[in-house]
Amino acid sequence: MLSRSETPGPRPTSLPGTLHEADGRYELNRPLLDFYDTALVLTRAGESAPRPVTVAQAAETLAGFDVVFYGESHDHAGVHLGQMHLLRELYRRDPRWVLSLEPFERDVQPVVDDYLAGRIGEATLIDKGRAWHSYATSYRPLVVFAKEHHLPVIAAEAPGWAISCVAQWGPDILGQFTPLERSWVAADLHVTPGAYRDKYLKFLGSSPAHGGEAASTPETEAHAQRSFSAQALRDDTMAESIAGALQKHPGYKVLQVTGSFHASEFLGTVERLRLRAPALKIAVIDPVEVDNPGAPDFAADAVRSGTVLQLIYPIPEDYVDGEGMGAMKAKMAHAHEANRCKYSLPTSPAPEGGHP
């Protein structure tokens with residue numbers, strides 16, 4: 001019979017492991033065992049040498065920040081498991097946390113509040129709150145924890161139809177909104193040039209699903225700018241929601257759960273929050289999909305993209321070479337139709353833009 005020290009197999013995932021640097025990359029000395037298994041690397045945005053840490057160790061550092069952005073690859077089981085573990089550890093150190101969620105839009109805040117207060121059940125929350133399709137597997141644990149521990153939950157995102165309006169018409173369409181509708185999106189919209197705009201337009205130009213194969217013309221450039229304006233509306237609205245939560249709950253801190261594009265490299269929602277509250281200490285957890293889970297590694301320059309990196313198992317490809325993308329485009333078209341703008345300007349509408 002083998003002793004405990006002689007038991008074969010990889011080291012337990014509770015141990016963070018060590019990093020080895022070579023040729024501009026860092027390699028972790030342990031594999032990612034399965035899709036749930038991830039590894040946290042504390043980088044302090046490049047201010048110190050990166051080192052693997054446990055969730056508890058990461059929480060010790062992150063508890064010192066006012067706002068923690070947990071970037072995610074949507075529907076990645078390992079990321080969502082990590083979010084739950086971190087919220088639990090942060091709460092253990094200080095119960096004064098607000099959970100702010102991209103998956104709920106600002107106009108359904110009363111529905112979220114009713115659920116937290118026990119006035120409605122989960123089925124009503126999912127229906128009237130327009131919860132994402134993955135709510136039950138991805139966000140239910142967080143919301144249930146918040147409900148049981150009396151944590152405020154913020155529906156942070158702009159309504160989808162409002163995003164589509166700006167993507168179709170540009171920011172001028174906001175003037176058509178009713179006062180109530182206007183309160184559901186950020187009062188101030190930041191669409192100035194900069195690193196985030198460059199990053200977004202690069203994404204737009206490289207994604208066939210978002211029109212990236214189209215030749216550059218004045219029309220396509222105008223379309224791209226409207227699309228970026230819609231993206232900025234999302235970031236500014238979430239930033240405003242976070243700032244409002246901090247004002248409403250003095251002494252509390254915020255855990256913002258959001259798509260990684262909105263927070264990576266401290267851009268997007270992060271920089272827009274800093275415009276509203278420059279004194280805040282803001283941390284970012286940035287997911288890094290590894291190429292080889294058996295020998296996970298990442299580029300050395302990735303350490304600047306977050307306070308903590310989360311190395312995650314690669315997501316399977318949606319389609320293989322030669323397989324059509326018709327189903328994806330039909331799904332996107334359906335989503336655009338569902339969020340069609342009910343307002344118009346006295347000009348010809350342009351095709352709606354997408355966003356990551």
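1. Packing of α6. The buried residues of α6 pack against β6 (97-105), β7 (153-157), α7 (179-183) and α9 (218-248). Buried means under 20% relative accessible area, with exposed over 50% and partly exposed in between (1.4 Å probe, protein chains only). Contact means heavy atoms within 4.5 Å. Helices (H or I, at least four residues) and strands (E, at least two) are DSSP runs, numbered from the N terminus.

2. Basis. This is a predicted model: local features need pLDDT of at least 70, side-chain atom pairs count only at pLDDT 80 or more, and totals for chains, interfaces and linings use all residues. Residues are numbered from 1 along each chain as its sequence is written, and side-chain values use heavy atoms, with hydrogens and water left out.

3. Cover of α6. Helix α6 spans residues 160-169, and ten of its ten residues are buried. Among them are Trp-161, Ile-163, Val-166 and Trp-169. The buried list also includes Ser-164 and Gln-168. Gly-170 follows the helix, with a positive phi near 95°.

4. Main core. The largest nonpolar core has 39 residues. Such a core is a set of buried Ala, Val, Leu, Ile, Met, Phe, Trp, Tyr and Cys residues joined through side-chain atoms within 4.5 Å. Leu-62, Val-68, Leu-86, Leu-99, Phe-104 and Leu-255 have the most contacts inside it. Helix α5 (residues 135-148) gives the most to this core: six residues.

5. Second core. A separate core of 19 residues includes Val-67, Ala-156, Ala-239 and Ala-243.

6. Leu-99. Leaving out residues up to four places away in sequence, Leu-99 touches Leu-142, Val-143, Ala-146, Pro-152, Val-153, Ile-154, Leu-255 and Val-257.

7. Open sheet. Three strands line up as β1-β2-β10, with antiparallel pairing. Two strands pair if DSSP finds at least two bridges between them. β1 (19-22) and β10 (297-299) are the edge strands, each pairing on one side only. Neighbouring strands are turned by 25° against each other on average, direction ignored. Axes are lines fitted to C-alpha atoms, for helices over the stretch in contact, and angles run from 0 to 180 degrees between N-to-C directions. Three bridges join β2 to β10. Tyr-26 has Phe-298 in β10 as its bridge partner.

8. Arg-30. This residue sits in the loop between β2 (25-28) and β3 (39-42). Arg-30 counts as buried because its relative accessibility is 3%. Its side chain makes a polar contact with the side chain of Asp-37 (3.0 Å). A polar contact is a pair of N or O atoms within 3.5 Å; within protein, one must be able to donate a hydrogen and the other to accept it, and residues adjacent in sequence count only if both atoms are side-chain atoms.
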